[in-house]
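Visitor: Please show me the model. I would like to know what stands behind its labels.

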Amino acid sequence: MVTTATRVGPSPHFLAGLGSCSFSNSSLCGMRKPAAQGKMIGMKRKRERDSWDEDGEGSQQDPLEVFGSDIMMMILSHLDARSVALSLLVSRAWHGVASSDRLWTSKCEELWHGKAHIPRMSQMRGLSKLAAYSISVMDGKRARITRDDLCDHAWYFHFNKAVPEYWLNLDPSWKGTGPPMRRYFHPDGSQTADQDDKVWGGHESCYSVVTGIVGESKIRSHYVRINRWPSMVVARKDDWSWAMSNHLYSYSSIPDADKEGGTGPY
């Protein structure tokens, strides 16, 4: 009877193949180290979070609930207007604090500082300061002048260099002999000047605001014309003042930010 022994474990050929490789315990541990370290770090962080949550320091609490509305108001007052406006979207409670007139009154004052004209719509009685700020920003970007804008302001007038020398000699701003000439627009479509204005001469003058629109309310042309003189291109300056000019003369609105009730259209 022939007895066959069964080998348990790796074959001699497999073991022989391992002869050229050296695997120490330390190298095996090194291969497992990254995975083990990652697991240990994750467990440590979890313990830290749990510990913080128990103390109430690491939990994600609403800052408004932690500090209260008065302190949050002080914090928001140091942010720019855009950041405060974004905080309105956090929650209803945040909206209640971030939309406060007490907060936006100072923002409006910062916005209006140094501006030539304050929009009439922003000065409406009962309007919130947040709405006043928003309206002011939108109106400041408006490039289309209205009759209200023309009539609400006094205007500086001066000739441009292209006119004959005789006209330049009559212009005190060119000669340096006095303040710039002034012009005034009126709701009935007329225009006047100061009584001692040598250029004016007492002749009748009327104006028109022309806006050409094509397509989907797209402005094709926009200008102001006085009598039959060349039309004036209209521009809005960074301080919200207006400028109108052609090759012969120029107008610029005189700052009147202190005018009660504001200026411009409703």
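Guide: What follows sets labels against their definitions.
Guide: This is a predicted model, where local features need pLDDT of at least 70, side-chain atom pairs count only at pLDDT 80 or more, and totals for chains, interfaces and linings use all residues. Residues are numbered from 1 along each chain as its sequence is written, and side-chain values use heavy atoms, without hydrogens and water.

Visitor: How do you know which residues the F-box domain covers?
Guide: The unreviewed UniProt entry annotates residues 70–108 as "domain: F-box". Such annotations may be inferred rather than shown by experiment. In the model, the span is 77% helix and 0% strand. Helices are DSSP runs (H or I, at least four residues), and strands are runs of E (at least two).

Visitor: Why are H4 and H7 called roughly parallel?
Guide: Helix H4 (residues 69–77) and helix H7 (residues 101–112) pack at about 15°. Angles run from 0 to 180 degrees between N-to-C directions, with axes fitted to C-alpha atoms over the stretch in contact. Under 35 degrees counts as roughly parallel. H4 and H7 are therefore roughly parallel.

Visitor: What makes the contact of H4 with H7?
Guide: Asp 70, Met 73, Leu 76 and Ser 77 of H4 meet Arg 102, Leu 103 and Lys 107 of H7. Contact means heavy atoms within 4.5 Å. These residues divide into 3 nonpolar, 1 polar and 3 charged.

Visitor: How much of the protein chain is buried?
Guide: Buried residues (under 20% relative accessible area, 1.4 Å probe, protein chains only) make up 31% of the 266 residues.

Definitions and conventions: Parallel < 35°, antiparallel > 145°, perpendicular 65-115°, else oblique. Nonpolar A, V, L, I, M, F, W, Y, C, P; charged D, E, K, R; others polar. Buried < 20%, exposed > 50% of the residue type's maximum accessible area, 1.4 Å probe, protein only.
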